[in-house]
Amino acid sequence: MKTTYHKADSRGHANHGWLESYHTFSFANYRNIKRMNFGVLRVLNDDSVSGGMGFGKHPHNDMEIISIPLSGTLKHNDSMGTESIIKKGDVQVMSAGTGVTHSEKNASQNDSVAFLQIWIMPRQMGLEPRYGQINMNDGAKPNDFQQIVSPNKEDAGTWINQDAWLNIANFDKDTTKEYKVHKNTNGVYVFVIEGKAVINNQILDKRDGFGISETMSFNVKALEKSQILLIEVPMS
């Protein structure tokens, strides 16, 4: 088993007033040659946007972009004609493909919105752009792994153009579960959204990250009530 540990306070940080963002991997003005990616996981940003503010329309191409709200509400618009609101419990996927422009703005004028923004490099370039959205409450699994993203249209959750699986775990204290990796060429990046957990004798606090590869399974134990995100991706 090969592991990488990223403490929460080792992340890049940007405060633009209306936007506060923590970058697990190099992004924008945060450059760290040792923190470029984990396999095809390119971006894991922990963002908070003030009321009435947001990201204006901007372009992307050939990237799988996943947004997971943690509090508040986001208003989405894109060049595919999609208009939607996403809130805590929702998962949004945008396959940028040949090119798409979009905006993500705080739907509230007063309250801030917090969300995770994840970029995964696609398996195939030049595909037609696509939008997807689900609500996790529809298949909530307490004290288990809940699949929210996969490569398969017919599978649980929504899907992306990559051999990647994302799971949310809502664990009570002292819950232990074994995670089984889908492909032997994949690794898993574990991100503790809330709480405290231990993997392979490494204690992980809130917003810590832990990359695991070269193994087909590992145990996750919650040391207190926790919410944990697992991002399984190809390592090359």
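In the predicted model, an open sheet is built from 4 strands arranged in the order 16-21-18-19, with antiparallel pairing. From one strand to the next, the twist averages 25°. Within this sheet, strand 18 (residues 197-199) and strand 21 (residues 217-222) pair in the antiparallel sense through 2 bridges. Alanine 197 has alanine 222, in strand 21, as its bridge partner. In general, the strands of a sheet pair through backbone hydrogen bonds, in either a parallel or an antiparallel manner.

A further antiparallel pairing, over 5 bridges, links strand 7 (residues 73-78) to strand 8. These two strands form a hairpin with 4 residues between them, and glycine 81 in this hairpin adopts a positive phi near 95°. Across the pair, lysine 75 stands opposite isoleucine 85 of strand 8. Strand 8 (residues 83-87) presents two faces: Ser84 and Ile86 lie on the covered face, whereas Glu83, Ile85 and Lys87 lie on the uncovered one.

Histidine 76 is located in strand 7. This residue counts as buried because its relative accessibility is 0%, which is under the 20% cut-off for that class. Two polar contacts involve the side chain of histidine 76: one is made with the side chain of aspartate 78, at 2.6 Å, and another joins it to the side chain of glutamate 104, at 2.4 Å. When neighbours within four places in sequence are left aside, histidine 76 is in contact with Thr82, Glu83, Ser84, Gln92, Met94, His102, Ser103, Glu104 and Tyr131.

Methionine 36 is placed in the loop between strand 3 (19-23) and strand 4 (41-49). With a relative accessibility of 31%, methionine 36 counts as partly exposed, since this class lies between the limits of 20% and 50%. Residues up to four places away in sequence not being counted, methionine 36 touches Phe25, Ser26 and Arg42. Tyrosine 189 is 153 residues apart from methionine 36 along the chain, and the C-alpha atoms of the two residues are separated by 14 Å.

Methods: Residues are numbered from 1 along each chain as its sequence is written. This is a predicted model: local features need pLDDT of at least 70, side-chain atom pairs count only at pLDDT 80 or more; totals for chains, interfaces and linings use all residues. Side-chain values use heavy atoms; hydrogens and water are left out. Buried means under 20% relative accessible area, exposed over 50%, partly exposed in between (1.4 Å probe, protein chains only). Two strands pair if DSSP finds at least two bridges between them. Axes are lines fitted to C-alpha atoms, for helices over the stretch in contact, and angles run from 0 to 180 degrees between N-to-C directions. A polar contact is a pair of N or O atoms within 3.5 Å; within protein, one must be able to donate a hydrogen and the other to accept it, and residues adjacent in sequence count only if both atoms are side-chain atoms. Contact means heavy atoms within 4.5 Å.
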